[in-house]
Amino acid sequence: MISTPIPAEIVQQKILESGLPSIGNASIREIKKLVDNIETASGQKFIRMEMGIPGLPPAQIGVDGQIEALRKGVAAIYPDIHGIPMVKNEISRFVKLFMNIDVNPEGCLPTVGSMQGGFASFLMLGRILKDRDTTLFIDPGFPVHKQQHKVLNIKFESFDVYNYRGEKLREKLESFFKKGNIHSVLYSNPNNPSWICFTEKELQIIGELANKYQVVIMEDLAYFGMDFRNDYSKPGQPPYQPSVANYTDNYILFISSSKAFSYAGERIGMMVIADKLFKSHFPDLKRFYSNDLFGYNMIFGTLYPLSSGTSHSAQYGLTAILKAANDGKFDFVEIVKEYGEKAHIMKKLFTENGFEIVYDMDEDKPIADGFYFTYSYPGFTGIELLEKMIYYGISAISLDITGSERHEGIRACTSLIQRNQFEVLEQRLKQFHIDHPIK
Ligand SMILES: Cc1ncc(COP(=O)(O)O)c(C=O)c1O
């Protein structure tokens, strides 16, 4: 019997108590709860890599803006569903200055986290064309988006992009679009969980096919500006955050403030609808709404019944953050670079101890260091490895729950681990490597 950093009896006991049939298949929140319980019972701190919580303090300028708004009494007043004018203008400026795209403030909407932006969009896109009933996910992806589809009872199809990078993406996407059932596509870029980033060529392919097949592209920019191989931090100066918006006018962007501005707790995000889509008429929408206008019904037919808008004070907080970023007074990218630096060190510790990075390339370039990375260990599936590593005080999630076809893989999140934990991480990885020699 090998002695592991976390006593095996405690781990086994807590797994049993959790009632989870398989740890490797558990959701992020279930793993979090299990690890909380093991930490309490063992008195040992884990290297926690399961949950994508920002590991940095919130953007102070946002907190100040929000407090000021609360003092002025906004808590008493219902906010407009489409957002306060100031936040709409700053969102429009933000996408112009950091992405070089033009979107009318009308289509720039604050949402209750980008999670709500997704939910509202799925709900509507599933209804725009009565003969199209399916969303296509370019996977791997964020598991909650699929959960949203399940509760909305919307069909989805997906494929793992791992083997379809570059020009190969065109044929793969067309094979889905040709069937005629796909109304929209979702992907995140940089990608959660794999941290791959689409190249300009790939974004162009996606945009061109969106035009050809009239498919709406939902681009989830939860990790805006965080491909640190390029400096996207200077407003109004190239390079800009890459986007499909340069190749189609049939898009919705979700820009989260959770990671870029460390503002997850206030649940405010941005939904940016392309001008053309915002004004589009879809006669089939009349089955559910009083008219057929996409933008109008997103606001008054969809966001209204969901939450009647987004927290009033949080809108002021976000306005303050965006204004400072747009005016070049707040370099949010510089702050979050910490994640990339930690990823660089952590990836080294893993690979020196027999682990391999699963998603490692963007076409011909090594992927960036950022918020997440993926790893495997010879001889284990991701599900087996995840469970084994719990005994070594290291928690993460298996790629199986993300739609990845790399069944050997695990996703690690770099945000919560502190630099002073690297030594313990290294010791634990070394011990794992010794205890599991590679044949
Ligand atoms: C890809 C992706 N989309 C959306 C979200 C949710 O963002 P928000 O906190 O703005 O709802 C996350 C959060 O982890 C994410 O990783």
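The legends below describe close-up views of one predicted model.

Residue numbers start from 1 along each chain as its sequence is written. In this predicted model, local features need pLDDT of at least 70 and side-chain atom pairs count only at pLDDT 80 or more, while totals for chains, interfaces and linings use all residues.

**View 1. The whole chain.**
The chain holds 14 helices and 15 strands. Helices (H or I, at least four residues) and strands (E, at least two) are DSSP runs, numbered from the N terminus. The radius of gyration is 22 Å, close to the 22 Å from the globule rule for 439 residues, so the chain is as compact as a globular protein of that length. That radius is taken over C-alpha atoms, and the rule is 2.2 Å times the number of residues to the power 0.38. The C-alpha trace spans about 70 × 55 × 45 Å along its principal axes. Of the 439 residues, 52% are buried. Buried means 20 or more other C-beta atoms within 10 Å of a residue's own, exposed means 12 or fewer, and partly exposed lies in between; C-beta atoms are placed from the backbone.

**View 2. Domain 1 against domain 2.**
Domain 1 covers 8–56 + 333–435, and domain 2 covers 60–326. These bounds come from an automatic or database domain assignment. The domain centres, taken over C-alpha atoms, are 28 Å apart. The contact takes 29 residues from domain 1 and 31 residues from domain 2. Two residues are in contact if their C-beta atoms, placed from the backbone, lie within 7 Å. On the domain 1 side, α12 (332–352) and β12 (372–376) are the elements that give two or more residues. Helix α12 gives the most, with 5 residues. The domain 1 side divides into 13 nonpolar, 8 polar and 8 charged residues. Here Ala, Val, Leu, Ile, Met, Phe, Trp, Tyr, Cys and Pro count as nonpolar, Asp, Glu, Lys and Arg as charged, and the others, Gly among them, as polar.

**View 3. The shell around the ligand.**
Around the ligand stand 13 residues, the closest being G113, M115, A222, S256 and S258. Helix α5 (residues 113–125) supplies the largest share, 3 residues. The shell comprises 4 nonpolar, 8 polar and 1 charged.

**View 4. Strand β15 and its sheet.**
An open sheet of 4 strands runs in the order β9-β12-β15-β14, with antiparallel pairing. Two strands pair if DSSP finds at least two bridges between them. Strands β12 and β15 share 4 bridges. Across from A412 in β15 stands F373, and T374 stands opposite R411. Strand β14 (residues 397–398) joins β15 through 2 bridges, and I397 has R411 as its bridge partner. Both faces of β15 (residues 410–413) are covered: I410 and A412 are buried on one side, R411 and C413 on the other.

**View 5. Cis peptide bonds.**
The bond from D139 to P140 is cis, with omega near 5°. P140 sits in the loop between β3 (134–139) and α6 (143–152). P190 lies in the loop between β5 (182–188) and α8 (200–213).

**View 6. Positive phi outside glycine.**
S308 has a phi of about 50°. S308 is in the loop between α10 (294–307) and α11 (312–326). S308 is exposed, with 11 other C-beta atoms within 10 Å. E363 has a positive phi near 50° and lies in the loop between β10 (361–362) and β11 (365–366). E363 is exposed, with 12 C-beta neighbours inside 10 Å.

Definitions and conventions: A residue is near a molecule or strand if its C-beta atom, placed from the backbone, lies within 6 Å of it.
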